[in-house]
Amino acid sequence: MAEGERQSPSDSSEDIPPATQSFIIPKKEIHTVPDMGKWKRSQAYADYIGFILTLNEGVKGKKLTFEYKVSEEAENLVATVVPTHLAAAVPEVAVYLKESVGNSTRIDYGTGHEAAFAAFLCCLCKIGVLRVDDQIAIVFKVFNRYLEVMRKLQKTYRMEPAGSQGVWGLDDFQFLPFIWGSSQLIDHPYLEPRHFVDEKAVNENHKDYMFLECILFITEMKTGPFAEHSNQLWNISAVPSWSKVNQGLIRMYKAECLEKFPVIQHFKFGSLLPIHPVTSC
């Protein structure tokens with residue numbers, strides 16, 4: 001995605017819903033392939049991809065150990081999840097959290113579940129519990145902890161990849177940490193894309209960079225040559241710069257996740273992420 005294509009959500013203070021807003025339980029709206037047009041024109045799509053790209057900018061060039069400030073509202077979130085005055089929003093926001101840990105019947109997990117967790121975080125921003133100032137903490141603290149939990153579940157229960165494209169997919173389970181992780185590495189003084197297939201480079205730097213942590217997890221879970229079990233990633237290692245990797249991954253995420261009916265048919269829409277067409281400013 002070119003710089004000019006990047007979308008940014010409106011100022012967080014404008015997104016905070018008024019006290020009189022009626023919250024609703026999110027439900028599925030994408031029932032057939034033609035319904036995908038509604039999704040791509042929706043306010044939910046605009047807000048979701050704007051949120052993803054805002055976080056992508058926020059973590060650019062920063063390590064996971066980067067010192068960041070966390071707003072008072074974020075501290076309250078840790079202590080009380082959602083403040084009392086926003087209790088009416090809890091049933092709506094909670095739906096996305098419940099959807100984010102995989103399917104308990106099929107014991108599977110994939111990028112649709114990951115998107116539900118990102119939508120959960122997006123909703124917390126829209127009701128003002130998290131703020132723009134928290135964007136680095138959202139990725140490095142909250143989302144990274146979510147990744148750790150999901151990896152533990154994947155190892156413990158041998159969860160099936162939901163909608164996996166096998167060797168032709170980027171990864172069996174995740175996508176967003178590759179986007180945000182590649183943004184972290186933009187303009188790195190010595191780590192280039194070709195280095196993420198180098199075992200030594202990964203072992204020495206994975207604690208600082210989300211992308212390399214993903215690579216380490218893949219090598220722990222899969223056997224055989226990297227080029228065979230993760231061919232798409234192997235091809236990406238030939239890209240000359242992290243900036244180009246990041247832009248390519250954003251395009252790929254839109255095409256392979258957000259524009260695929262098998263993924264979006266499970267996405268749910270409410271008052272915070274509505275199905276109605278995006279409103280022009």
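Good morning. Asp172 counts as buried, with a relative accessibility of 17%; buried here means under 20% relative accessible area, exposed over 50%, and partly exposed in between, with a 1.4 Å probe and protein chains only. This is a predicted model, in which local features need pLDDT of at least 70 and side-chain atom pairs count only at pLDDT 80 or more, while totals for chains, interfaces and linings use all residues. Residues are numbered from 1 along each chain as its sequence is written, and side-chain values use heavy atoms, leaving out hydrogens and water.

Asp172 forms a salt bridge with Lys222, their closest N and O atoms being 3.2 Å apart; the term requires a side-chain nitrogen of Lys or Arg within 4 Å of a carboxyl oxygen of Asp or Glu. This pair links distant parts of the chain, 50 residues apart: Asp172 is in the loop between strand S3 (160-161) and helix H8 (176-184), and Lys222 in the loop between H10 and helix H11 (226-229). Helices (H or I, at least four residues) and strands (E, at least two) are DSSP runs, numbered from the N terminus. Lys222 is partly exposed at 25% relative accessibility.

A second salt bridge joins Glu220 and Lys155, with the closest N and O atoms 3.5 Å apart. Glu220 lies in helix H10 (residues 210-221) and Lys155 in helix H7 (residues 135-157), so the pair ties together parts 65 residues apart in sequence. The whole structure holds ten salt bridges.
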